[in-house]
Amino acid sequence: MPSISNHHQQTAVMPTVNGPFKDHLTLNVGEDLRICHFNIEGISKAKCEVLTKIMNKERIDVIALHETHTKDDNDLQKRGYIAGYTVIGAIHHKQYGIATYVKENIDDTMVVHKANSGNTQVLSTKIGSITVTNVYKPPNNKWESDPMKTFEHPAIYVGDFNSHNMAWGYDIKNKGTFRSARWLKEYTPDLSIISKPPNDSKQLASRRILCDFPHSQHRPVVLEYGLKIPIIRSIPKPRWNFRKANWTEFAKELDHLIQWIPAKAECYDRFVGAIKMIAKKHIPRGFRKQFIPGWDETCNELYAEFQRSKDNNIADELINNLNLIRKQRWHEKTENLDFTHSSHKAWSLMKKLGTSNNITKGQHTLRPNSVATRLKSVGKLSVDKEHNRLIKTELRNHRKMLMPHPTLDAAFTQNDVTPCKKLFTLLDRMLTNRRFKVFLGNKESNWRTVLNGLPQGSVLAPTLFNLFIHDLPVTKGLKFQYADDIAIAYQSTDLEDSGKALTEDLSTMNKYFSKWRLKPNPTKTEVCAFHLNNKKAREELKVTFQGVQLKHNFTPKYLGITLDRTLTFKEHLVKTGKKVRSRVNLIQKLAGTGWGASAKTLRTAALALTYSAAEYGAQVWCNSAYVEKVDTQLHSVIKAEDRRNSLLAERLEDIPALRLRSRKPPWKTAKDLIRSGFETKKCWCDEWTNSTLPIKNKNLVMDPNQGVMGMELPRHEWSVLNCLRTGHGRCADMMFKWRLQDSPACDCGNDRQTINHIIKECQIRKFNQGIEGIHAITPEAVKWIRELDVHL
């Protein structure tokens, strides 16, 4: 990586205070300018003093002012002196007027064009190789047919255009450059326009609007122009470099060493130490204080060559090479998104892309040993000697009845279950001699032994717990149980009667819990009432448990479903919609046309992230009137995946036609469909075959249930492929239809440049294999798509 310098030169590494890389070091490649332009509404000494402070703080190179209200150069010198800057050119007018300033240490400057036609004033200055044009147009003037002179790239046009048409590309969410104090409204009459590079490379530019300026309704606009590469400040913490790891030797040595470590809890530290020791041998470890992601030896060579020649073409080649490396790494990451076996890497990438609930880790004030002691004391129950004696007696009796079996399966016959010694030994090892540690940051607690409870996350734990409490006592209300979550429902026309009945049931359950040494948590126990009586909407149930009045929750959450008094599920669907929305934002980041993931990866991510969250509990709330809260977000996922533009119809398999696509059918509907012999695939095929809609290239798809070819292609090729299949894209004919282009003609001479013309007729671009070859994704078709110069 190039050495770091804090000097502001043509090529330097300097800290950015504001802009696209706030608080980052940036490597500026090629010429860069910081331009400030705004309507000063009459220049004065007091305004220039304020302006001097702002320009020095923002490190501005060029200042473009409008409505200076000066008579001549002498008047401008008297009232418009800005310390550290020199006037390079000005056009005077008692009501309008413009002036361009440059920093005193910039020598290569020259005025190349000056025009004042109908009070529309234009002043162009060449600073190095960049042409900066200062423009002012009065509010009531009209533009001429050729208002400004066009300069070659790089060129920048800034000024007060007094144009409020949205076609200029305004963003109404941003702060306006003009604020009407009388009408309390904001507008954006001040524009910043930069030329497009001839090689179509990205020219980095950012625009910011500063705070209000005294005695002017306009706000200063800062434009940062130039190629800037952010330099990442690394956290001084060693990391493993898995890209350069020797995994073959690592696995070989670990397999040899691991056989000598017994699989016991006492050997945990030995096991961890062995892995760390072998990893240090075969996996590089360390950190860099500062680095540029994707910077390799080729970038070093191009940068050194640019330092010698100062050729901007080499700078463009450097940026393109860096972008290519980053794009390849991005595709590697997105292609490896796998939610099938482990979603750890996928979720890690999603969090890096940005989520709505980022958690900032703070410093831990507790000690790990304190937390471990608390956990053990919470799970500790009072010792009942009589109860222990009975249990030990029962265990001895059952051990006498144990019979040996060759396998566990042999212990279970069709008619009866006989005790098995192997099964007993397995359960005994599972439930005894269990130890745990608490980790907080880099600190850890001592080993502690767990005496009660079941191992969290084990497959047998729910089954064993269900066997343990299979004889729950009979209560007045109905009991609903899922693992250790138990709900008691009681139906009555009187809330007071319901409260008394539930209190009695809880008292009965408490006796059972005490007998079998189960410890319920009254603070986590809640009560609620479901009814349609609006007069009693805020009335609470009075239920006591272990001498404590339970909290009444009007919107309780049970098994992940938020309930409400009238069971409309509005609260749940609103929350689910927001949750899905945050995940849709992640999918949209993966769906970029140039740097997006492949269609297969997008589909997997959409099903794993959005549909899994949206369809949870759909059998319960699918008939709610607020379902559109979720459906709207799922429709945006379909748009992000380009299914709307794909003729084929990326329709999900096993989805009945008599339902909304975004959720499963109600149970009644599903049963009716099964009884009627409904077949999803046959229904889709019949619908596609019998459709009378004017679908372009319909003959390409014979069976919509079959997968679409090309889903493994990169995002850009996949998007172009779908545009060609559907006949819709940004060709000249469509751009003219959308009023974004002046003519629908093709550059080959044809009157209309349609998708069909590009494929079959265009003398410059036509593909000999036609749309059939493109749809079949032949190697020639993929090459033709990549070389196509029309950005569809």
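**Helix, core, sheet and cysteines**

Reply: Helix α19 is mostly covered, with 11 of its 12 residues buried. The model is a predicted one.

Me: Which residues of α19 are buried?
Reply: Buried means under 20% relative accessible area. In α19 the residues that count as buried are Arg715, Glu717, Trp718, Ser719, Val720, Leu721, Asn722, Cys723, Leu724, Arg725 and Thr726.

Me: What distance does α19 reach from its first C-alpha to its last?
Reply: At 1.5 Å a residue, a span of 16 Å is expected for the 12 residues of α19. The span in the model is close to that, at 17 Å.

Me: Which residue follows α19, and what is its phi?
Reply: The residue after α19 is Gly727. Its phi is positive, near 80 degrees.

Me: Which residues touch the most other members of the largest nonpolar core?
Reply: This core has 28 residues. Elements that give two or more residues to it are α19 (715–726), α21 (755–760), α22 (770–775) and α23 (779–787). The members that touch the most others are Leu724, Ile774, Trp784 and Leu792.

Me: With which residues is Leu792 in contact, leaving aside its neighbours within four places in sequence?
Reply: Contact here means heavy atoms within 4.5 Å. With the neighbours within four places set aside, the contacts of Leu792 are Val720, Cys723, Leu724, Gly729, Arg730, Cys731 and Ile755.

Me: How many disulfides does the structure hold?
Reply: A disulfide needs two cysteine sulfur atoms within 2.5 Å. The number found in this structure is zero.

Me: How far is Cys731 from the nearest cysteine sulfur?
Reply: Cys731 is in no disulfide. Its relative accessibility is 2%, so Cys731 counts as buried. The nearest cysteine sulfur is that of Cys723, at 9.2 Å.

Me: Is strand β7 largely enclosed or largely open?
Reply: Strand β7 covers residues 120–127. Seven of its eight residues are buried, so the rest of the structure leaves β7 largely enclosed.

Me: How many bridges join β6 to β7, and how many pair β7 with β8?
Reply: Strand β6 (residues 109–117) runs antiparallel to β7, and Asn116 stands opposite Gln121 in β7. β7 and β8 also pair in the antiparallel sense, with Val135 in β8 as the bridge partner of Val122. The bridges number eight for β6 with β7, and seven for β7 with β8.

Me: In what order do the five strands of the open sheet stand, and which are at the edges?
Reply: The pairing in this sheet is mixed, and the order is β6-β7-β8-β9-β12. Two strands have a single partner strand each, so one side of each is left without a neighbour in the sheet. These edge strands are β6 and β12 (190–194).

Me: Is His69 buried, partly exposed or exposed?
Reply: His69 is in the loop between β3 (62–66) and α2 (73–79). It has a positive phi of about 60 degrees although it is not a glycine. At 27% relative accessibility, His69 counts as partly exposed.

Me: What is the omega of the peptide bond from His153 to Pro154?
Reply: Pro154 is placed in the loop between β8 (130–136) and β9 (155–160). The peptide bond from His153 to Pro154 is cis, and its omega is near 5 degrees.

How values were computed. Residues are numbered from 1 along each chain as its sequence is written. This is a predicted model: local features need pLDDT of at least 70, side-chain atom pairs count only at pLDDT 80 or more; totals for chains, interfaces and linings use all residues. Side-chain values use heavy atoms; hydrogens and water are left out. A nonpolar core is a set of buried Ala, Val, Leu, Ile, Met, Phe, Trp, Tyr and Cys residues joined through side-chain atoms within 4.5 Å. Buried means under 20% relative accessible area, exposed over 50%, partly exposed in between (1.4 Å probe, protein chains only). Helices (H or I, at least four residues) and strands (E, at least two) are DSSP runs, numbered from the N terminus. The expected span of a helix is 1.5 Å times one less than its number of residues. Two strands pair if DSSP finds at least two bridges between them.
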